[in-house]
Amino acid sequence: MRRLALIFGLVLILCSCNKQSPTTLTVGTISGPESTLVEKAKEIAQKKYGLQIKIIEFNDYNLPNEALQDGSIDVNIYQHLPYLQTAMKMHHYPFEVIGRTFVYPMAIYSEKYKKISKLRPRATIAIPNDPSNEGRALLLLQNAGLITLKKHLTNTLADIKSNPDHYQFKELDAAQLPRTLADVDAAVINTTFALPAGLRPSKDGLYVENKHSPYANLIVIRKDSIKKPQLQQFVLAMNSSAVKLQAKKLFGDAAIPAW
């Protein structure tokens, strides 16, 4: 009888050790510079709120949502709203957004014009040819007052409602856009490809996405998470001045706080 009680006690101890404390959070992100910002938030969360943070880095953009769905992680930070909406529609993920981090802004660049208002009628504008970035570029052109669209997100050229100055659009691979600036009147370029080409959004962009962009990276959790109070504390850590300063060091003006 004593032997059975001892075994039962050991099982209880092992179960309690394997069960994570509510103050332990597992955060999923994509490998790269932005994971450094999560590391800084980890320091703040541990120091200010007593949270123990484990960071898991992924190299596949599908995996952080799959891991969140199966409970391998408590929260992920890597996707913008259009990407999340598409994933939730396809896979019926029961997710919710609890915070925003940074916008890595897309901008309109030109070697021929210094102001967006000077762009001539029938000018040629190069835009990315992949669906996600093309929709983002067209939304930016609408916000700049150059065109109007039928829908808010996930637009294609067929969704242009009005184009009063008859701009001509040239669809190209996003990575090629910086090299085409000399051959077009303007180009809409992601920060990912603008920075290596020596283009700075605030300095060189004729029109730049702002903090209200739907393309800000999001902090996403499961709706049924039992750790919401701790996750809200982690949001405060991600939105702290220390993380903002770290982003400034890493990205300069190419990371806009979106909270």
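This is a predicted model: local features need pLDDT of at least 70, side-chain atom pairs count only at pLDDT 80 or more; totals for chains, interfaces and linings use all residues.
Residues are numbered from 1 along each chain as its sequence is written, and side-chain values use heavy atoms, with hydrogens and water left out.

Let me begin with the chain as a whole. Its secondary structure comes to nine helices and 14 strands, where helices (H or I, at least four residues) and strands (E, at least two) are DSSP runs numbered from the N terminus. Along its principal axes the C-alpha trace spans about 90 × 35 × 25 Å. Of the 259 residues, 47% count as buried; here buried means under 20% relative accessible area, exposed means over 50%, and partly exposed is in between, with a 1.4 Å probe and protein chains only. The chain exposes about 13700 Å², and carbon and sulfur atoms supply 55% of that area, as calculated by the Shrake-Rupley method with a 1.4 Å probe. If we take contacts (heavy atoms within 4.5 Å) between residues at least 6 apart in sequence, 75% of them join residues at least 24 apart.

Now to the helices. Two packed helices are described by the angle between their axes and the distance between the axes. How do the axes of H2 and H8 cross? Helix H2, residues 33–49, and helix H8, residues 228–238, have axes that come within 8 Å and cross at roughly 120 degrees; the axes are lines fitted to C-alpha atoms, for helices over the stretch in contact, and the angles run from 0 to 180 degrees between N-to-C directions. H2 and H8 are therefore oblique to each other, given that angles under 35 degrees count as roughly parallel, over 145 as roughly antiparallel, 65 to 115 as roughly perpendicular and the rest as oblique. Their crossing is right-handed, a word used if the near helix is turned clockwise from the far one by less than a right angle, with left-handed used if it is turned anticlockwise. On the H2 side, the residues that meet H8 are Leu37, Val38, Ala41, Ile44, Ala45 and Tyr49, and on the H8 side they are Gln233, Phe234, Leu236, Ala237 and Met238. By class, this contact has 10 nonpolar, one polar and no charged residues, where Ala, Val, Leu, Ile, Met, Phe, Trp, Tyr, Cys and Pro count as nonpolar, Asp, Glu, Lys and Arg as charged, and the others, Gly among them, as polar.

H2 also packs with helix H9, residues 241–251, and these two axes come within 9 Å and cross at roughly 155 degrees. That makes H2 roughly antiparallel to H9, and the crossing is again right-handed. From H2 the contact includes Pro33, Glu34 and Lys40, and from H9 it includes Val243, Gln246 and Phe251. The residues of this contact divide into nine nonpolar, two polar and two charged.

Staying with H8 for a moment, Gln230 lies in this helix and, at 16% relative accessibility, counts as buried. Not counting residues up to four places away in sequence, Gln230 touches Pro22, Thr23, Leu25 and Leu51.

Next comes helix H4, residues 81–91, in which Pro82, Leu84 and Ala87 are buried. The buried residues of H4 pack against helix H3 (63–70), strand S4 (95–100) and strand S13 (218–222).

Most residues other than glycine have a negative phi. His92 lies in the loop between H4 and S4 and, at 65% relative accessibility, counts as exposed. His166, which is not a glycine either, has a positive phi of about 55 degrees; it lies in the loop between S9 and strand S10 (168–172), and at 43% relative accessibility it counts as partly exposed.

Finally, His152 is found in the loop between strand S8 (148–149) and strand S9 (160–162), and it is exposed, with a relative accessible area of 51%. Leaving aside its neighbours within four places in sequence, His152 is in contact with Leu139 and Pro214. His152 and Leu139 are 13 residues apart in sequence, and their C-alpha atoms are 7.2 Å apart in space.
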